[in-house]
Amino acid sequence: MNDSFQVVNATGSSSVVLVCEHASNFIPAAFDNLGLSPDLLDAHVVWDPGALGVARQLADRLDAALVAGTVSRLVYDCNRPPGAVDAMPTRSEVVDIPGNVGLTQAERDSRFQTYYVPFKAALSEQIARTNNPIIVTVHSFTPTYYGVARAVEIGVLHDTDTLLADAMMQTAERHTPADVQCNQPYGAGDGVTHTLKEHAISGGHLNVMLEIRNDLIQTAEAQIKMADMIAAWLVDACADRSVTCTE
């Protein structure tokens with residue numbers, strides 16, 4: 001495991017390459033928790049709770065490789081391009097991030113080189129060694145945002161390439177009674193599709209970003225149930241596009 005990523009099941013037989021950029025709430029000691037109070041260190045502001053559990057289970061079911069982040073997105077958000085303000089945010093929703101205030105260009109460059117560059121290289125290498133790669137990123141989101149409840153339970157997100165997202169929306173009712181919405185609770189306009197653009201669309205690979213409401217995946221049992229459903233759904237959606245994602 002590198003300082004910024006881990007690769008699970010690198011030799012998997014599936015065409016799917018899973019990505020979980022916000023898998024970890026780990027903040028290296030040198031950053032002194034970025035000035036956050038202890039009660040916030042397990043909160044969504046620091047990572048995507050439940051996302052890694054679902055991604056790992058998907059890797060098992062599909063025999064797919066998984067590239068996951070191992071450092072909090074507050075240190076560097078690997079789903080943001082270099083230069084993006086929210087790659088090292090000073091505020092996340094209603095939470096101030098003191099340790100990201102007033103960073104010098106040298107400090108920003110250091111984090112970029114230490115965390116983003118190795119993550120990007122590892123993901124690029126995994127995609128390059130995968131036949132007909134299909135990029136699937138896994139995230140979670142909060143049930144409320146700025147005090148407003150979110151009805152959506154699973155978001156199916158896309159950028160300019162809509163092929164796999166469209167197929168998942170068309171086959172959703174066959175797999176889940178959940179409230180599934182396209183480009184909700186976020187969309188490309190919110191700057192959340194960097195990984196898709198950088199690693200999938202640029203290479204002409206099928207791709208989709210999945211957002212799961214985190215109250216639905218709080219336990220290991222719930223994560224297994226969610227992964228079982230999504231694995232079958234992905235296979236069906238890929239078949240709808242006349243591609244196979246498992247051997």
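How many bridges join strand 6 (residues 134–141) to strand 11? The number is 8, and strands 6 and 11 run parallel. Strands here are DSSP runs of E with at least two residues, helices are DSSP runs of H or I with at least four residues, and both are numbered from the N terminus. Two strands count as paired if DSSP finds at least two bridges between them. This is a predicted model, in which local features need pLDDT of at least 70 and side-chain atom pairs count only at pLDDT 80 or more, while totals for chains, interfaces and linings use all residues. Residues are numbered from 1 along each chain as its sequence is written, and side-chain values use heavy atoms, with hydrogens and water left out.

Strand 11 (residues 206–213) is largely enclosed by the rest of the structure, because 8 of its 8 residues are buried. Buried means under 20% relative accessible area, exposed over 50%, and partly exposed in between, with a 1.4 Å probe and protein chains only. One side of strand 11 carries Leu206, Val208, Leu210 and Ile212, the other Asn207, Met209, Glu211 and Arg213, and both faces are covered.

Val45 lies in the loop between strand 2 (16–20) and helix 1 (51–62). Its relative accessibility is 9%, so Val45 counts as buried. Leaving aside neighbours within four places in sequence, Val45 is in contact (heavy atoms within 4.5 Å) with Leu40, Arg73, Leu74, Ser92, Val95 and Ile97.
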